[in-house]
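Here is a short report on one structure. It covers a helix and some aromatic contacts.

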Amino acid sequence: PCDICGADQVVLEDKQVHYADEDSKCGELTSSFLKLTEKTSFTCSLAKTALSKLCCGDACKMCDSGAKMNTDAVIEFEGRQVSCMEYETYMQASSFLQGSEACASSLSTYSDICCSASDAEKPAASLVAEPTTIPCNICHRDDVHHELKAEAMVEYKGASLSCVDVNSILAKSEIDGSEMCDATQSMLFEGCCFEKCTLCGDKSLKWDATVKYNNQILSCDEFSSLFSMSVIHKGSDQCDAMQGAYTSTCCYEPPTTPCNLCQQGSMTYEVNTHAFAKTRSGTASSHCSALSSKLAEREDEGSQKCMDSKSAHFSRCCTTLSISGAQTSPSENSAWNNWIADYMTQPATSGVSSSFMSLWTLLSISLIGIYMMC
């Protein structure tokens, strides 16, 4: 089941929150997810991301931060002998919040017995620096950190333990690269570790595109961040289904030869950083620098969109006086003349003003051509 708050936190039952276009109490929401939603589902991951900070508080703990619990110590509670660990479990089940009066009064009698001295009360550490060591981690292999299947059960030294418990034991007793660490990684990696599913995989992200999920409009950048917080495994049916639904909108293959808006044949011009290009509909405009960068980022030089964009925006977005190379070759002059010819064969617009502008544009182009050939 999908547990929004987890074992170490308490649900703030009566707190009102707004989620999925509805006002609800945290208790009702968390109960609904617990009954109806799978822990490994993407819906559960999104709910945890959105609700954990709103609906969850730290559960009452036996010992303060920095102090260690004496797990073998025994106290008397309600007429029977219980371990300190059992009493802390009882406190967490009572839904007492850390720092509340109920928490403090329940622990005051037993904290001296159950908790060791905090680090602040221990003697000062030596000023001599000790060699830095990295604790053993089951899922850290070949300099790549994989995700831990926290609740998966494995056989370890004759006992059945969760992967998170085994990893905790190794982190305290072994260092990365030790013989025992390497042997345990080799034995338990497949059962305890996995690679997370990502939205785009090896493709690049269209951060500015948008998708609709759970009745909300999200940018692909936001959606990818939520996606990376999930516990979906790479290669799973759920991963394949989610990628199939959103990859076409949010992802693209990086071009092998980036489209250059201001390149015509072998001639390259500078982008006019002060100009704007209108969209096809004519209702909006984009800065030429932004258009050029977007094309280079997402389109190949020979793609249809690249060629269409050059046809539509070259004259407005490119400064034709800024030519790469000190001199122009005959082939470059030929390309320039062909470009002028193509421009002159465009359909003429009606009206005196349009004719005047066309004449003025043609005169400017001719002057540029003469300048180039000198």
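## The kink in helix 9

Helix 9 bends by about 35 degrees, with the kink centred on Gly244. The model is predicted. The helix runs over residues 237–250. At 1.5 Å a residue, its 14 residues should span 20 Å, and the end C-alpha atoms are 19 Å apart, which agrees.

## What is buried, and what covers it

Five side chains deserve a look here. Cys239, Met242, Tyr246, Thr247 and Cys250 of helix 9 are buried. An α-helix has 3.6 residues a turn, so residues three or four places apart point the same way.

The cover over the buried residues of helix 9 includes helix 2 (42–55) and helix 8 (220–228). It also includes strand 13 (204–205), strand 14 (210–213) and strand 16 (251–252).

## Aromatic pairs

The structure holds 5 aromatic pairs. One of them joins Tyr213 and Phe223. The pair is tilted, at 5.6 Å centre to centre and 50 degrees between the planes. Tyr213 lies in strand 14 and Phe223 in helix 8, so the pair ties together parts 10 residues apart in sequence. Tyr213 counts as buried at 14% relative accessibility, and Phe223 does at 0%. Together with Tyr246, Tyr213 and Phe223 form one aromatic cluster.

Tyr269 and Phe314 make an edge-to-face pair: 5.5 Å centre to centre, 80 degrees between the planes. Tyr269 lies in strand 18 and Phe314 in helix 11, so this pair ties together parts 45 residues apart in sequence. Both Tyr269 and Phe314 are buried.

## A charge over a ring

Arg141 lies over the face of Phe189. The distance from the ring centre is 3.9 Å.

Conventions. Residues numbered from 1 in each chain as written. Predicted model: local features only at pLDDT ≥ 70, side-chain atom pairs only at ≥ 80, totals over all residues. Heavy atoms only, no water. Helix = DSSP H or I, 4+ residues; strand = E, 2+ residues; numbered from the N terminus. Expected span 1.5 Å × (residues − 1). Bend = angle between axes of the 7 residues up to and from the residue. Buried < 20%, exposed > 50% of the residue type's maximum accessible area, 1.4 Å probe, protein only. Contact = heavy atoms within 4.5 Å. Phe/Tyr/Trp six-rings, centres within 6.5 Å; stacked < 30°, edge-to-face > 60°. Lys NZ or Arg CZ within 6 Å of the ring centre and 35° of its normal.
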